[in-house]
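Open the structure in your viewer and keep the sequence panel beside it. Each stop below says what to select and what is there.

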Amino acid sequence: MDQLMAMRAFTRVVESGSFTRAADSLNMPIATLSKLVKSLEAHLETRLLHRTTRRVVTTAEGMEYYEKALRVLIDIEDIDTAFRASCCTPKGHLRIDVGGSTARDVLIPLLPDFFQRYPDLRINLGVADRPVDLISGNVDCVIRGGPLDDSSLIARHLGDARMLACATPGYLKTHGIPAYPQELRNGHKLISYLSPVTGRAFPFRFLDRDEPLEISVPHHLGVNESNAHLAAALAGLGIIQTFGYAARAHLETGALVEILSDWRPKAYPFHVVYPQSRHLTHRLRVFIAWLAEVFPAAVKG
């Protein structure tokens, strides 16, 4: 038995809750992974997992072994990383997940600089507004906007994006320019951004004398993807609230006009996030360090 590989297989099963997802994330056949875990249990003479047709449950002994094995694996990874970083150019694949408008307007324009610095690295970029499962999704890290409430994740702050409300000159000529946020309730057509997870519309958020103010009214159009959300505004369908970096080019050309600038809400935080149980490879370390260097200025918009 390759005990180190068996430990990695077992810890990934615990983290993902599934032999299938664990095998996918390790890029190995499920039969191989299952054999490794069974060999580990035989070696320890201890049942680590209860298997059913629907799920995998960790035994008390299995959870204790997981916590200790994870510390060992992290220590080994740290040792390897320290030596690689001092003598080797990072190589291999990175799997990154990011939202639509953030990919288009921030990350992708920055990538030529990254590839110039690290020509031996390759990136598989998943682009979707719906959040991905970092374990079962076989992803190294994600770039997320908004507050973070998952304590199992490690997050590094990358900067803050301004939020603004805007519409086309044609729309504003027809419907008028609201002088204050409450006027949005008076017959204006709002294009709401819908949560890709819940389907609910995010309210329009503002600051009134430093106090948060939310405007929630029935929307004229709801869209659950950030690029399509901006496209709807450019088509003159109504007023949106979006990130400054997404609207920047269209504000500069006059295709969109900002409204209610005196009531802009607080800036929206962005983070790069990865599981605290995930081994931080040399290639992921350099990617996160690069993000921290270049992302803050780009996301300001």
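Select Ala-165 and Ile-259: Ala-165 stands opposite Ile-259, which is in strand β13. The model is predicted, so local features here need pLDDT of at least 70 and side-chain atom pairs count only at pLDDT 80 or more, while totals for chains, interfaces and linings use all residues. Residues are numbered from 1 along each chain as its sequence is written, and side-chain values use heavy atoms, with hydrogens and water left out.

Now select residues 163–167, strand β7, together with β13; the two pair in the antiparallel sense over three bridges. Strands are DSSP runs of E with at least two residues, helices are runs of H or I with at least four, and both are numbered from the N terminus. Two strands pair if DSSP finds at least two bridges between them.

**The five-stranded sheet**

Next, colour the strands β4-β3-β5-β14-β6, which form an open sheet in that order with mixed pairing. Which strands stand at the edges? They are β4 (121–127) and β6 (153–161), each with a single partner strand, so one side of each has no neighbour in the sheet. Neighbouring strands are turned by 20° against each other on average, direction ignored. Select β3 (residues 92–98) with β4: they run parallel and are joined by seven bridges. Leu-94 has Ile-123 in β4 as its bridge partner. Then show residues 282–299, helix α9, which packs on the sheet and touches β3, β4, β5 (141–145), β6 and β14 (268–275). Touching is a matter of contact, meaning heavy atoms within 4.5 Å. The direction of α9 makes about 25° with that of β6.

**A hairpin**

Move to residues 204–208 (β9) and 211–215 (β10), which pair in the antiparallel sense over five bridges. Leu-207 has Pro-212 in β10 as its bridge partner. The two strands form a hairpin with two residues between them, and Arg-209 in the turn has a positive phi of about 55°.

**A buried serine**

Select Ser-192, which lies in strand β8 (residues 191–193). Is Ser-192 buried or exposed? Its relative accessibility is 4%, so Ser-192 counts as buried; buried means under 20% relative accessible area, exposed over 50%, and partly exposed in between (1.4 Å probe, protein chains only). Leaving aside neighbours within four places in sequence, Ser-192 has contacts that include Ala-201, Phe-204, His-219 and His-229. Gln-116 is 76 residues from Ser-192 along the chain, and their C-alpha atoms are separated by 39 Å.

**Helix α8**

Select residues 244–253, helix α8, whose buried residues are Gly-244, Tyr-245, Ala-246 and Ala-247. Just after α8, Gly-254 takes a positive phi of about 90°.

**The whole protein**

Finally, show everything: the protein has nine helices and 14 strands. Of its 301 residues, 45% count as buried.

How values were computed: Axes are lines fitted to C-alpha atoms, for helices over the stretch in contact, and angles run from 0 to 180 degrees between N-to-C directions.
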